[in-house]
Amino acid sequence: MKSSRRQVLRLAASAGALLPLSESACLRGRPQAKLLESRLPLPKPFESVLPIIPVLKPVRTDASTDYYEVAVHPASARILPGGTTSIWGYNGTFPGPTIEARCGRQVSLRLRNELPVPIVNHLHGGRTPPESDGYPTDFLLPKDYGPLLTSDPRARVKWAEREYVYPNEQRAATLWYHDHRMDFTAPQVWRGLAGFYILRDPEELQLPLPRGDREIALLICDRSFDADGSFLYPALDPSLRGQSGVSMDYMGGVLGDVILVNGAPWPKLEVANTRYRFRILNASNARRYELALDPAPGGAASFVQIGSDGGLLDKPVRHRTIRIAPSERFDVIVDFSRYRLGSKVSLLNKAAGGPQGQIMRFEVTRQERDDSAIPPTLSRIDFPDPASAVRTRVFDFSYRGTRGWLINRKPYDPARMDAQPKLDSTEIWRLQTDFNHPLHLHLVHFQVLSHSGRPGPYDAGWKDTIDLGPGQAADILVRFSGYRGRYVFHCHNLEHEDMAMMGNFEVI
Ligand code: C2O
Ligand code: CU
């Protein structure tokens with residue numbers, strides 16, 4: 001990988017300015033995401049036990065707020081049998097601890113940066129005031145880091161510590177937090193900077209859905225490993241302190257060859273013969289999955305979807321398989337009473353073959369009573385009226401050879417405002433692309449009006465990410481409520497994002 005140092009798409013770190021290619025190793029076609037092979041034998045599937053991610057305790061609470069303190073630091077994790085992996089983790093864990101929040105109760109998250117690099121924290125799916133949203137240049141620098149040169153005059157830079165405030169004035173939903181450092185999001189998330197943030201409300205709590213140890217959050221991601229057990233990543237500068245970007249071969253995205261769920265390779269989970277609720281997050285940099293159960297349950301759909309990125313659907317949607325792109329969440333019920341005791345049920349990834357075609361395994365080991373149910377009506381969804389949209393904006397996401405991954409032919413630039421919607425106005429955004437891009441907007445959730453025709457099978461409910469395939473276009477209906485200020489929208493293939501496929505909108 002060091003040898004490809006010159007075959008680089010260069011980005012000026014933290015400025016957003018794009019420099020020319022140092023070599024004309026330009027690509028004719030659009031570079032596909034590429035598998036990075038581990039330099040050690042892959043672990044055997046279904047040997048480790050699925051870790052249940054611990055819920056973080058607040059350091060204190062008062063009438064309005066729960067206060068959390070998290071130190072972000074290097075640590076060593078047990079991921080592979082018989083070895084350790086050095087990670088960067090929130091409180092030294094990967095995935096980070098789960099934050100559980102209540103709608104209408106504020107969360108204060110005080111982060112301390114004990115890494116050797118700048119970080120930025122973003123609550124994905126959060127309706128967050130701009131100063132806490134984790135704008136990519138709102139760096140939290142290590143204590144002794146010198147002044148950071150950024151050409152962004154609006155950057156809010158802090159040293160050592162910073163408080164993020166999340167008002168939680170939104171619907172219950174499965175959110176997640178992850179690093180969002182300008183130009184370095186992909187490698188920093190790969191090293192471990194991601195975790196769940198689960199927002200609950202009374203409406204959802206009174207539904208008879210599976211709960212307790214039958215409600216499990218599953219963070220799925222792929223990683224590759226170096227010979228010493230550390231995470232392997234094709235960063236041009238593995239210190240992540242200088243040159244950003246990946247070697248040319250991987251500019252389409254980095255795919256790992258080991259599938260991790262909650263940080264364990266191809267784990268197994270013993271379950272009762274009852275319904276379970278799984279909050280599934282694809283936290284991979286670039287990999288899409290098509291989830292399937294093997295064997296499929298007799299006479300029923302494998303998955304009953306009850307929620308999407310933005311919380312509960314109005315009514316359940318049945319799926320035989322689920323396609324999930326980076327950063328999307330699917331909240332599903334799986335009914336293990338459809339299987340005989342002793343069954344082994346694999347969660348497959350139909351989007352890949354070989355080892356990456358497996359994700360985890362459930363073993364139905366116990367008989368238990370089940371009082372849960374899936375109500376035919378889950379929630380109320382009040383989408384805005386499309387006729388109330390005050391304008392339509394068109395954004396084209398495409399690859400422009402040596403210029404990288406662009407939006408409307410322009411690379412990301414913090415100084416350029418790509419849209420200025422008015423607070424509480426509704427707009428239609430027409431998103432179109434020549435390639436695969438999971439597209440995400442901060443601050444808002446949206447309704448998919450069309451997705452190369454009618455909304456697709458995975459577009460139900462409130463979304464904050466929509467996955468477009470080659471040559472597809474989608475119209476999304478967006479209401480810009482919440483806060484005035486500057487936010488980003490971008491491709492959530494993290495390598496594309498770091499290579500400039502990001503834009504700004506300012507709610508005015
Ligand atoms: Cu999940 Cu801007 O990100
Ligand atoms: Cu993309």
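Mentor: In the largest nonpolar core, which has 119 residues, Phe278, Leu291, Phe362 and Trp429 touch the most other members. Strand E13 (residues 215-225) gives the most to this core, with seven residues. Keep in mind that this is a predicted model.

Trainee: What is Trp429 in contact with, leaving aside its neighbours within four places in sequence?

Mentor: The list for Trp429 includes Arg393, Phe395, Ala419, Leu441 and Asp475. Phe480, Phe489 and Phe505 are also among the contacts of Trp429. On the aromatic side, Trp429 forms one cluster with Phe395, Phe480, Tyr487, Phe489 and Phe505.

Trainee: How many aromatic pairs does a search of the whole structure find?

Mentor: The search finds 24 aromatic pairs. One of them is Phe480 with Phe505.

Trainee: Why is the pair of Phe480 and Phe505 called edge-to-face?

Mentor: Take the distance, then the angle. The ring centres of Phe480 and Phe505 are 5.4 Å apart, and the cut-off for a pair is 6.5 Å. The planes stand at 65°, and edge-to-face needs over 60 degrees. Therefore the pair counts as edge-to-face.

Trainee: What does the pair of Phe480 and Phe505 tie together?

Mentor: Phe480 lies in the loop between strand E33 (473-479) and strand E34 (485-491), while Phe505 lies in strand E35 (residues 502-507). So the pair ties together parts that are 25 residues apart in sequence.

Trainee: How do you know whether Phe505 is buried or exposed?

Mentor: Phe505 has a relative accessibility of 0%. Buried means under 20%, so Phe505 counts as buried. Phe480 also has a relative accessible area of 0%, so Phe480 is buried.

Trainee: What makes Tyr487 and Phe505 a stacked pair?

Mentor: Their ring centres are 5.7 Å apart and their planes are at 25°. Stacked means planes under 30 degrees apart, so this pair is stacked. Tyr487 in strand E34 and Phe505 in strand E35 are 18 residues apart. Tyr487 is buried, with a relative accessible area of 0%.

Trainee: Where does the charged end of Arg486 sit?

Mentor: The charged end of Arg486 sits over the ring of Tyr135, 3.6 Å from the ring centre. Likewise, the charged end of Arg191 sits over the ring of Trp88, at 4.5 Å from the centre.

Trainee: Where is His492, and what makes its link to the side chain of His124 a polar contact?

Mentor: His492 is in the loop between E34 and helix H3 (494-498). Its side chain meets that of His124 at 3.3 Å. His492 is at 1% relative accessibility and counts as buried.

Trainee: What does the side chain of Arg287 reach?

Mentor: The side chain of Arg287 reaches the backbone oxygen of Gly256 at 2.8 Å. Arg287 is in the loop between strand E19 (275-282) and strand E20 (289-294). Arg287 is buried, with a relative accessible area of 6%. Leaving aside neighbours within four places in sequence, the contacts of Arg287 include Leu35, Asp222, Asn349 and Gln356.

Terms used
Residues are numbered from 1 along each chain as its sequence is written. Chains are lettered from A and ligands numbered from 1 in the order in which they are written. This is a predicted model: local features need pLDDT of at least 70, side-chain atom pairs count only at pLDDT 80 or more; totals for chains, interfaces and linings use all residues. Side-chain values use heavy atoms; hydrogens and water are left out. Rings of Phe, Tyr and Trp (its six-membered ring) pair if their centres lie within 6.5 Å; planes under 30 degrees apart count as stacked, over 60 as edge-to-face and the rest as tilted. Helices (H or I, at least four residues) and strands (E, at least two) are DSSP runs, numbered from the N terminus. Buried means under 20% relative accessible area, exposed over 50%, partly exposed in between (1.4 Å probe, protein chains only). A charge sits over a ring if NZ of Lys or CZ of Arg is within 6 Å of the ring centre and within 35 degrees of the ring normal. A nonpolar core is a set of buried Ala, Val, Leu, Ile, Met, Phe, Trp, Tyr and Cys residues joined through side-chain atoms within 4.5 Å. Contact means heavy atoms within 4.5 Å. A polar contact is a pair of N or O atoms within 3.5 Å; within protein, one must be able to donate a hydrogen and the other to accept it, and residues adjacent in sequence count only if both atoms are side-chain atoms.
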